[in-house]
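The entries follow the order in which I checked them.

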Amino acid sequence: MAKVFKQGKSQEEINQNDMQVSAIVSQTIKKIEDEGDSAVRELSRKFDNWSPENFRLSNQQIIEIVNSVPKQTIEDIKFAQNNVKRFAEEQRKSMLDIEVETLPGVILGHKNIPVGSVGCYIPGGRYPMVASAHMSVLTAKVAGVNRVIACTPPIGGEIPSATVAAMHLAGADEIYILGGIQAMAAMAVGTETIEPVDMLVGPGNAYVAEAKRQLYGRVGIDLFAGPTETLVVADETADAEMIATDILGQGEHGPTSPGALITTSEKLAQETVKEIERQLEKLPTADVARVSWEDYGKIIIVENEQEALIEADKLAFEHVEILTENPDYFLENMNNYGCLFLGPETNVAYGDKVIGTNHTLPTKGAARYTGGLWVGKFLKTCTYQKVTEEASAHIGEYAARLCQLENFSGHAEQALLRVRRYGKVTAK
């Protein structure tokens, strides 16, 4: 029987904060809808102290910025992007157009068509997430998206050079130094100087995530991304140092980032708590990681790996590290997760930054019904049909009866017209 060894904030406390964020986002989107560029400029000046003549970088500016980035940084970005690109290309190859004759004369098929335009948000702030450029811009380009624009906020009143370099190398068609709700709304709604997009993707803080949620429907999105989540599933073969390191390493994302441990060993649970406290004494980002652990950390002790599997699927966390004797048991049986990290040799940081799998993943239980960002998110699988005259007359008889069964006389007439017209041709 599973038992909670440690528990963070209540769901009621979490929901109250979400409501406050939602109200602010709603007001801001309305302001940009009404006032366009002037509202974007006002908000950028207020929140980022940033009000350039043009938020969009020119080609000359981009070249100068990229040339200012250290050679090693450029090489590191290219290494990561090559990994992301290679995996994305293989994923794209797996998505095939099909055409099949289901009945004599009835041809059905589907095509995978790229979305026309995509807006990618690349977070800045304390942790400028350069890797998000690879994960969003590059993946969209591999999918075949024609126009990919990217927004990232200034940092301390300065352009984040490495992030711009990553956006450019990933293939962004337009780059804007613009952050927060104003960036998301400008890309989705459009302004006098920013043409709206068909889809928004990328992670961000609570305000960016809520903006994406409220704009969904007007544009498509990749998924609803909340604070990053990390779950470690461990047995007695794991060690507390690695578990603590990996949980705190993700906890530094923000004070609301949940970290959890499910383990078959109460001894390991106790050791992990002590090790986390020890590491927090020296971790440079302990001011954030400590809050995330104290408010959102959780430890669950279970009887065996079967019970661990049940509890892990209930949590449906974004990142799930498996530190057990037989990690493949979870690969074969676990259903609800954003990405699995199997064995002590890998970790969430590899997935976040460099290895090639995408780091934009479902949170807040969304792993129950969706996976993360990948080339397939940028493709519309659209069906079509072609029918011969003889087949149309044959199908039409069935269609007419089924339409009449539902009292759709107009629908039935569409079918009967073909029966009358093509049935005669067939009879000849």
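**Entry 1: a pair in α12.** I began with glutamate 311 and lysine 314, whose side chains meet in a salt bridge at 3.3 Å, N to O. A salt bridge here is a side-chain nitrogen of Lys or Arg within 4 Å of a carboxyl oxygen of Asp or Glu. Both residues lie in helix α12 (residues 305–315), three residues apart, which is about one turn of the helix. Helices (H or I, at least four residues) and strands (E, at least two) are DSSP runs, numbered from the N terminus.

The cut-offs are under 20% for buried, over 50% for exposed, and partly exposed in between (1.4 Å probe, protein chains only). I also noted a network, in which salt bridges that share partners join Glu277, Glu281, Arg290 and Glu294.

**Entry 2: what I am reading.** This is a predicted model, in which local features need pLDDT of at least 70 and side-chain atom pairs count only at pLDDT 80 or more, while totals for chains, interfaces and linings use all residues. Residues are numbered from 1 along each chain as its sequence is written, and side-chain values use heavy atoms, with hydrogens and water left out.

**Entry 3: other salt bridges.** How many salt bridges does a search of the whole structure find? I got 17. One of them joins lysine 31 to glutamate 42, with the closest N and O atoms 3.4 Å apart. This pair links distant parts of the chain, since lysine 31 is in helix α1 (residues 11–35) and glutamate 42 is in helix α2 (residues 37–48), eleven residues apart. Lysine 31 is partly exposed at 23% relative accessibility, and glutamate 42 is partly exposed at 38%.

I also looked up lysine 93 and glutamate 90, whose closest N and O atoms are 3.2 Å apart in a salt bridge. They are three residues apart in helix α4 (residues 71–93), so about one helical turn separates them. Lysine 93 counts as exposed at 56%, and glutamate 90 as partly exposed at 43%.

**Entry 4: α8 and what follows.** The buried residues of α8 are Val208, Ala209, Glu210, Ala211, Lys212 and Leu215. After α8 comes glycine 217, whose phi is positive, near 110°. Tyrosine 216 sits in the loop between α8 (206–215) and β8 (220–221).

**Entry 5: a three-stranded sheet.** I traced an open sheet of three strands in the order β2-β3-β14, with antiparallel pairing. Two strands pair if DSSP finds at least two bridges between them. Why do β2 and β14 count as edges? β2 (98–103) and β14 (379–387) each have a single partner strand, so one side of each is left without a neighbour in the sheet. Strand β3 (residues 106–114) and β14 pair in the antiparallel sense over nine bridges. In one of these, proline 114 has leucine 379 of β14 as its bridge partner. For background, I wrote down that strands of a sheet pair through backbone hydrogen bonds, either parallel or antiparallel.
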